[in-house]
Amino acid sequence: MRLWAVTTNTFKETIRNRILINILLFAVALILLSLVVGEWSLGHQSKVIRDFGLAAMSLFGLLIAIFIGIRLMVQEMEQRTVYLILSKPIHRWEFVIGKYLGLACTLALNVLLMSLTLWAVVLVQEGRIDFGLAPAILLIYMEIILMVAFALLFSSFTSPTLSALFTLIIFVIGHTAGFLRDFILLYPDKPFLWLFRAIYTAMPNLDNLNIKMAAVEHIPSPPHAVLFGFLYGLGYTVFVLVLTVLVFEKKDLK
Amino acid sequence: MPKSVIHTEGLTKIYKGELGQAPVVGVESLDLDVREGEVFAFLGPNGAGKTTTIKLLTRLLFPTKGNVLIMGRPLSSRESMRRVGYLPEQPNLYGYLTGAEFLDFMARIFGLQREVRKKRIPEVLGWVGLSDHGGRAIRTYSRGMMQRLGMAQALINDPDLLILDEPMSALDPVGRKDFRDLILGLKKRGKTLFFSSHILSDAEMVADRIGILKKGRMTQTGRLDDLTGLRSGVIEVTFVPNRGKPAKSAFQKYNLDVQGRKILVRLENEEDLPALIREITRAGARLVSVIPQRQSLEDIFMAEIGR
């Protein structure tokens, strides 16, 4: 009941957020624009539309994760609304997880809206609905909510600017994990290799959640790869949320 | 003897200093005992540690040392918080919600069922004078309305104990009067109230007991009647001299103040009173009043904080 109360309130909070609505409208407009961009690419319309659409979903999802995810906790502290909630018979973990789930629900709705737009664009261009995009979209959503978990973790102990920076760093490193792995294998004698190895081990490998290229090329992703990506993202998200709860449990609300 | 509702022993909060700075004492060795059904005013200048104490009582801060019991239970027990209503200082509420939506959210955190919430929300909105504004977005509320709504959420669970941080500071005189009436009404219903304030007149009007905090330490605590009832030792005697008889000359040895036809004598020593009254009678004067001077809460407060 308490967890659900925080979740539904956060859903209302984020769905009524003007920044989110603006980002979403911009994303939808950009996906629609892929129809025009597709026309310019001779013979590759289908690929360009899918590539453009999926990239827009990923990018705008990240923007929402950073802007809304960080504000989610910071605003509660700044406006002191967190005092009203945590002085009541509620566990702190219920508050953290409720906030997270509320935003995750809003993001699910956003991704659904962007997906419907992309499917509509593909339908206009190809005359059919391509459900082959669904696994890629599912993993994009997983990546976004993993980034929200990181944003929530950082914002529970540092400033909004640093939280945004750290989340962005995680995103960039997460997408270069393959390069790091190759670097470690190719140059085993380089100095500071331990540092690269530590970063590779500790950071999420977001390539596990990236099957966009296959979707663009019309190559069906094997179900086990999709399932692995989903479970990897879910496991990492749970791990980051546990860390966030541990930080928040000990936090003095000055 | 009424049950203890708030009990602290050696409650201490020391904030870690920011980089390179010394630790800051929020509250030190605070022993507090608030009994069932009483209104306790927690007074002190800004920075004395009032809000820190309240945050320690509501689990928002963790004590460095000491114990807190709320209705006999440790703070780690969520059960104790089920019967507590809390109003933070000048709360900013969720602007995107309407007043009624906000109260519904707060009620759901207490686990109140839908039927109870439906009945309770209009009731508390009425108590704080917001019956006609429950459907409005909170972002359109004035500061005073926000404070009233904050009080409404503190009452939503029908608490036995109310902890209010500067509840009257954002209110206009009408609002303060309404708030005082609300507090007195809650007291009549057997609720225990613990509130911080730096508005002494408000505290004086509603509190049974007060505690004065200075630099994180409790310097004075007691029943308001007892503290303000302490005689300062001065007695003011007023009389009207008999026409035709020399008045002032007969009382030259006293500290006189002539106020129109009346004469005011300030006696520094209570033992001089019988002699003065005999002389007033002998001079044929009419005795108007004999008033032992008492300390006001302001006198006590100023003395405690060293002003």
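Reader: Which residue in E4(B) is the bridge partner of B:Thr8?

Author: This is a predicted model, and in it strand E1 (residues 4–15) of chain B pairs with strand E4 (residues 65–70) of chain B in the antiparallel sense, over five bridges. In E4(B), the residue that partners B:Thr8 is B:Val68.

Reader: Which strands of chain B stand at the edges, each with a single partner strand?

Author: The open sheet has four strands with antiparallel pairing, and their order in chain B is E2-E1-E4-E5. A strand at the edge has a single partner, so one side of it is left without a neighbour in the sheet, and this applies to strand E2 (24–35) and strand E5 (73–74) of chain B.

Reader: What angle does the direction of helix H1 of chain B make with that of E2(B)?

Author: Helix H1 (residues 50–57) of chain B packs on the sheet, where it touches E1, E2 and E4 of chain B. Taken against the direction of E2(B), the direction of helix H1 of chain B makes an angle of about 65°.

Reader: Is B:Ser29 buried, exposed or partly exposed?

Author: B:Ser29 lies in strand E2 of chain B, and its phi is near 45°, a positive value in a residue other than glycine. A residue counts as buried if 20 or more other C-beta atoms lie within 10 Å of its own, and as exposed if 12 or fewer do. B:Ser29 has 15 other C-beta atoms within 10 Å, and therefore it is partly exposed.

Reader: And B:Glu166, is that residue buried or exposed?

Author: B:Glu166 is found in the loop between strand E7 (161–165) and helix H6 (173–188) of chain B, and it has a positive phi of about 45° although it is not a glycine. Inside 10 Å it has 20 C-beta neighbours, so B:Glu166 counts as buried.

Reader: Which element gives the largest share of the side of chain B that touches chain A?

Author: In the contact between the chains, 24 residues of chain B meet 20 residues of chain A. On the side of chain B, the elements that give two or more residues are helix H2 (78–82) and helix H3 (99–109). The largest share, four residues, comes from H3(B).

Reader: How many residues on that side of chain B are nonpolar?

Author: Sorted by class, the side of chain B that touches chain A has five charged and four polar residues, while its nonpolar residues number 15.

Reader: What ipTM does the predictor give the complex?

Author: For chain B, the mean pLDDT is 88, and 96% of its residues reach 70 or more. For the complex, the predictor gives a pTM of 0.84 and an ipTM of 0.84.

Methods:
Residues are numbered from 1 along each chain as its sequence is written. Chains are lettered from A and ligands numbered from 1 in the order in which they are written. This is a predicted model: local features need pLDDT of at least 70, side-chain atom pairs count only at pLDDT 80 or more; totals for chains, interfaces and linings use all residues. pLDDT is the predictor's confidence in each residue, from 0 to 100. Two residues are in contact if their C-beta atoms, placed from the backbone, lie within 7 Å. Ala, Val, Leu, Ile, Met, Phe, Trp, Tyr, Cys and Pro count as nonpolar, Asp, Glu, Lys and Arg as charged, and the others, Gly among them, as polar. Two strands pair if DSSP finds at least two bridges between them. Axes are lines fitted to C-alpha atoms, for helices over the stretch in contact, and angles run from 0 to 180 degrees between N-to-C directions.
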